[in-house]
Amino acid sequence: MSGELHILGIRHHGPGSARMVSRALRAIKPDAVLIEGPADAADVVPLAAAAEMVPPVAILVYDPQAPSDASFYPFAEFSPEWQAIRWGLNNKAEVRFIDLPQSLRPRRVAKGDAVGEQDGVTAEAESLSPAAPRPDPLEALAHAAGFADGEAWWGRLIEERRGDDRPLEVFEAISEAMGSARAELGPTPHDPDEPAREAHMRRSIRAAIKEGYERIAVVCGAWHAPVLTAGSLKSIAAKSDEEIIKRLTKHKTAATWVPWTYDRLAYHSGYGAGVTSPGWYEHLWLNHDQITAKWLTKVARFMREEDLEASPASVIESVRLAESLAALRGRSIAGLDELSEATLSILCHGNPLPMRVIEQKLIVGNRLGEIPDHAPSVPLQRDLTAQQKSLRMKVSADGTELDLDLRKETDGLRSRLLHRLAVLGIPWGSLTADQKQRSSTFHEVWALQWKPEFAVAVIEAARWGNTVHDAAAACVQEQAERAGELSELTRLLDHVMLADLPGAIDALISRIQTLSAVAASIGGLMDALPPLARILRYGNVRKTDAALVEPLVAGLLARICAGLLPACGSLDDDAAEEMLGRLDAVSAALHTLARAEFTEPWRAELRKLGDADIHGLIAGRAWRVLLDAQECDADLAAARIALALSPGNDPGQASAWVEGFLSGSGAVLVHDARLLAIIDRWVCSLPAATFEQVCPIARRTFSTFARPERRMIGESLKRGLGATQQTASEGDDDYDPARGRLVDPVLRLILGEVLP
Amino acid sequence: MSKASKEASGSVSSVMRETAEKQYAAELAALAKVDDRERPPRWNLSPWAVVTYLMGGKLKDGTEISAKYVGNRRIIEIAVATLATDRALLLLGVPGTAKSWVSEHLAAAISGDSTLMVQGTAGTPEEAIRYGWNYALLLAKGPSREALVPGPVMRGMAEGKIVRVEELTRVPSEVQDTLITILSEKTMPIPELNEETRAVKGFNIIATANDRDRGVNELSSALKRRFSTVVLPVPDSMDDEVTVVHRRVGQIGKALELTGEVPAMDEIRRVVTIFRELRDGKSVDGKSKLKSPSGSMSTAEAISVVTSGMALASHFGDGKIKAADVASGIIGAIVKDPVQDKVVMQEYLETVVKERDGWKDLYRACKDVL
């Protein structure tokens with residue numbers, strides 16, 4: 001062997017490791033830097049040198065045929081691998097990824113699409129996990145050294161190490177320690193790919209030596225270090241490695257860079273190989289001295305920004321407490337634990353709430369990386385980036401709010417883009433709850449937050465088309481073809497209108513017509529109508545062509561009117577309840593449209609319903625709608641109520657009728673005492689047994705009234721219906737003229753003889 | 001030495017409750033012997049040894065140190081580190097989370113003296129924190145050092161010891177603020193004599209406070225800033241709490257000379273379960289939601305329920321604690337408000353206690369008392 005081989009065993013995302021790797025590389029001056037990373041990402045590695053590349057970023061390796069089968073290899077500024085890549089590229093050394101290419105790894109998703117689980121990310125994090133295998137070798141070594149956990153031990157020995165000028169010796173020690181840990185723990189079949197991965201790494205190292213590189217540096221997880229050394233290369237036959245690799249089947253992959261976030265680097269977002277505190281690690285990487293003071297100052301400044309009290313005196317005290325805690329625990333400098341405890345007990349006065357914000361914003365951080373424009377990406381991504389730029393929409397991992405006035409052109413375009421992305425399943429923006437309640441039609445409030453996994457969603461969506469518009473349209477078309485329910489289609493149409501996809505609208509409308517022609521269920525038709533009516537009503541605000549929808553509404557309505565009466569023919573209570581909701585929705589939708597050509601046939605149909613012998617709920621409601629629409633006068637309504645409540649009717653049917661007529665609002669009873677009197681008389685006339693049967697339904701009906709309505713109804717009943725109706729007071733037998741005459745003289749005295 | 005210890009042990013039997021430094025004199029001495037780490041000025045032990053004293057452990061020479069505080073070691077570490085930086089310590093928590101207990105043992109371990117103590121009440125005057133006068137002398141001789149009666153804080157300052165202020169939030173705000181000068185300037189002016197007492201190194205204050213009780217006076221932010229706040233939580237796990245109760249019951253039983261045996265873990269577990277369930281508002285298995293009573297349902301109350309049960313058993317029973325012995329204590333601890341809490345308790349009895357396997361005796365006993 002001619003080549004000089006240095007194995008630099010590191011902990012992924014460890015700033016101390018990164019610092020030592022840089023130092024070691026400066027000392028070795030290698031002409032080849034081999035890094036534990038998927039070999040099929042080789043094409044995109046040189047991009048890391050681009051000035052526009054700002055970590056955190058990740059290499060994304062995916063199968064173009066099944067983009068959801070994607071793996072991420074994230075790098076932060078303080079990742080040793082990142083430092084090694086940068087060093088190699090800047091110093092004209094050969095930089096190679098030597099880990100088993102993704103193309104040779106067995107696919108993990110055999111069962112269709114696993115997307116949707118974990119926000120669409122099937123982040124294969126294993127290859128970057130800190131000296132991956134469990135049981136953690138670090139734990140074993142840490143216990144031997146008397147530390148509570150591996151993290152603390154490694155942090156103390158490596159990550160917080162400063163001013164070390166013999167990095168190579170440290171790496172040798174790491175390799176040795178891991179070697180004994182591996183021997184102790186035996187082969188750990190935790191990662192089934194591990195033998196193949198290590199075989200591939202060895203093969204790549206051998207190849208590099210053969211090619212004549214003189215000084216080779218290998219940057220890999222500490223766990224792998226002992227099996228990659230010159231000794232291991234000799235003791236493990238090249239042939240057996242070749243055989244392992246030959247056994248694997250190959251599939252096609254593509255690689256690209258995507259922006260990453262600190263949030264994703266952290267453990268708590270379900271990414272198994274991260275670090276708990278990227279923000280803190282960044283701090284360790286950027287600052288070489290006075291780590292404690294600088295960190296606590298940062299915390300205090302942050303607190304002041306958040307309008308929390310944090311005086312310089314408290315910072316001084318916190319530094320002192322952190323340092324004395326570190327001394328108590330026998331650490332040379334305060335670690336994150338000590339700093340957080342000092343922050344909590346002094347700066348936050350023991351209150352955990354501000355601490356949580358500090359954790360989220362400072363300790364984890366929310367930095368989002370950037371990648372150069374010329375990084376390879378799917379055309380859809382490029383189109384999206386271009387649109388984001390031209391619309392001046394900032395891509396950020398922070399949640400921001402976007403208030404759009406749709407009457408302005410740019411805002412309209414922005415809204416359109418967001419709606420199109422939503423159609424494609426890329427929920428960059430979501431309408432805020434605020435927005436949903438607000439009824440204004442030219443105003444939208446979006447909450448925007450970019451998540452790294454959207455990169456995968458974009459690649460997945462790329463199969464639909466090369467621009468956001470084309471992709472969204474194609475996506476809608478396929479959804480339309482798959483949809484079996486009419487209401488599903490009309491909801492889709494609603495989205496399409498908002499996303500302004502004229503090409504898709506035609507297809508969608510013809511699909512709706514086909515489906516509505518064959519639809520057997522009146523319910524489905526009725527569900528489909530309200531969204532369409534909404535489009536017809538508001539569509540023009542967005543400059544979309546609502547005229548397309550008009551014939552559709554007319555067609556649907558005609559079918560509904562034709563089938564409504566038979567459909568209401570024999571309903572049980574539950575079905576009637578359901579129909580009531582639909583009846584209301586259609587009535588409300590048509591009412592807002594306020595077009596005679598739609599309302600006329602509908603009301604005619606309602607009149608038929610009201611007179612038909614159907615479930616009382618529906619009949620009652622039909623009359624109510626007509627009364628509210630002033631399609632029938634109060635006399636007619638009173639007659640209808642009287643008819644429905646006449647003693648010959650079944651009390652169950654009658655009470656359902658009352659419920660249908662009254663539920664929702666009692667205003668009619670407040671304004672028309674006659675109706676109230678009829679119902680009052682009906683209730684009073686019920687025999688005891690029937691009353692018990694009717695009472696719950698009546699109660700349910702009245703409980704839907706607004707409180708003031710109920711009070712007013714109650715008051716007018718208390719006054720006696722006679723207060724408004726003279727006829728009733730004549731029959732008042734309680735008045736005794738003889739007793740009345742007794743107070744007569746006194747009244748005369750008081751009033752001065754004015755009484756008749 | 002042996003004579004002294006005999007005297008000490010002799011006093012144990014007559015004094016109702018020994019101070020921590022006397023009760024654990026042996027442990028403190030053993031710790032001091034092996035402790036070779038650096039000690040802050042006038043500290044009897046190094047910070048490490050103080051933490052060990054509170055958390056318990058085995059020393060190099062084999063001496064077993066009992067755990068005084070069961071819970072997170074980090075909390076005690078923060079408290080000790082705070083005192084080592086000569087910053088004052090504020091122990092915060094709901095009633096019954098061992099605030100005073102921790103503060104007493106900290107003072108005992110650090111200064112060997114836990115008696116310098118100001119009990120905060122709504123009527124605590126400024127003199128209790130500063131100094132008073134011997135009025136006879138004052139009238140006879142005029143203002144002089146002899147006529148001055150120093151309070152605990154002043155003595156602590158002069159001797160360089162830890163002073164405890166219990167229930168700081170009960171003290172009226174204007175009296176609380178007396179502490180500001182003492183904590184920031186480390187001096188106590190005596191304007192009458194045109195003198196001042198300057199604090200000797202080693203002086204510090206441990207205050208305990210309770211943030212949820214009624215009638216508390218919130219600390220001013222000027223004062224708050226001078227304290228490190230350490231929140232003592234209610235025990236995290238059931239096992240921790242059972243351990244705490246078991247240990248304390250044993251100690252108290254010994255002090256009260258109860259002949260009854262310390263009840264079995266199972267009985268204690270039952271009591272702790274009831275307290276935890278009512279405190280958290282849900283059953284241990286997480287299946288049913290419960291109403292919480294108005295009391296705080298602290299561990300300290302659980303301890304007193306078990307000890308009173310023990311007393312009942314040893315004086316009126318066969319020394320073995322039974323369901324009936326704890327039932328009255330449980331009801332007394334829970335039903336603080338005769339109307340609301342009674343409803344809570346009845347509901348709890350019917351929905352949880354009655355259904356639980358092996359709890360029939362307790363159910364019946366509680367029903368009888370209620």
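In chain A, strand β2 (residues 32–38) runs parallel to β5(A), and 5 bridges join the two. Strands here are DSSP runs of E with at least two residues, and helices are DSSP runs of H or I with at least four, both numbered from the N terminus. Two strands count as paired if DSSP finds at least two bridges between them. Within this pair, A32(A) has E94(A) in β5(A) as its bridge partner. The model is predicted: local features need pLDDT of at least 70, side-chain atom pairs count only at pLDDT 80 or more, and totals for chains, interfaces and linings use all residues. Residues are numbered from 1 along each chain as its sequence is written, while chains are lettered from A and ligands numbered from 1 in the order in which they are written.

The β2–β5 pair belongs to an open sheet of 4 strands in chain A, with the order β1-β7-β2-β5. The pairing is parallel. At the edges stand β1 (4–10) and β5 (94–99) of chain A, each pairing on one side only. On average, neighbouring strands of this sheet are turned by 25° against each other, direction ignored. Axes are lines fitted to C-alpha atoms, for helices over the stretch in contact, and angles run from 0 to 180 degrees between N-to-C directions. Helix α1 (residues 15–28) of chain A packs on the sheet. This helix touches β1 and β7 (215–221) of chain A, and its direction makes about 170° with that of β1(A). Contact between two residues requires their C-beta atoms, placed from the backbone, to lie within 7 Å.

Chain A as a whole has 34 helices and 11 strands. Of its 756 residues, 45% count as buried. A residue is buried if 20 or more other C-beta atoms lie within 10 Å of its own, exposed if 12 or fewer, and partly exposed in between, with C-beta atoms placed from the backbone. Among contacts in chain A with a separation of 6 or more, 76% involve residues 24 or more positions apart.

Chain B has 18 helices and 11 strands. Here 43% of the 370 residues count as buried. Of the contacts in chain B between residues at least 6 apart in sequence, 69% join residues at least 24 apart.

Chain B also contains an open sheet, built from 5 strands in the order β4-β7-β10-β3-β11 with parallel pairing. Its edges are β4 (117–119) and β11 (227–231) of chain B; each has a single partner strand, so one side of each is left without a neighbour in the sheet. Neighbouring strands are turned by 20° against each other on average, direction ignored. Strand β3 (residues 88–92) of chain B runs parallel to β11(B), joined to it by 5 bridges. L89(B) has S228(B) in β11(B) as its bridge partner.

I190(B) stands opposite E195(B) in β9(B). The two strands form a hairpin with 4 residues between them, and N194(B) in the turn has a positive phi of about 55°.

Helix packing in chain B includes α13 (residues 238–255) and α14 (residues 265–280), whose axes come within 9 Å and cross at roughly 120°. α13(B) and α14(B) are therefore oblique to each other. Angles under 35 degrees count as roughly parallel, over 145 as roughly antiparallel, 65 to 115 as roughly perpendicular and the rest as oblique. The crossing of α13(B) and α14(B) is right-handed. A crossing is right-handed if the near helix is turned clockwise from the far one by less than a right angle, and left-handed if anticlockwise. M238(B), E241(B), V242(B), V245(B) and H246(B) in α13(B) meet M265(B), I268(B), R269(B), V272(B) and R276(B) in α14(B). By class, the residues of this contact are 6 nonpolar, 1 polar and 3 charged. Ala, Val, Leu, Ile, Met, Phe, Trp, Tyr, Cys and Pro count as nonpolar, Asp, Glu, Lys and Arg as charged, and the others, Gly among them, as polar.

The contact between the chains takes 16 residues from chain A and 20 from chain B. On the chain A side, α12 (312–328) and α13 (336–347) each give two or more residues. α12(A) gives the most, with 8 residues. This side has 5 nonpolar, 6 polar and 5 charged residues.

α12(A) packs against helix α5 (residues 73–84) of chain B at an angle of about 115°, with the axes 9 Å apart. This crossing is right-handed. L321(A), S324(A), L325(A) and L328(A) in α12(A) meet residues of α5(B) including E77(B), I78(B) and V80(B). The contact of α12(A) with α5(B) comprises 7 nonpolar, 2 polar and 1 charged residues.
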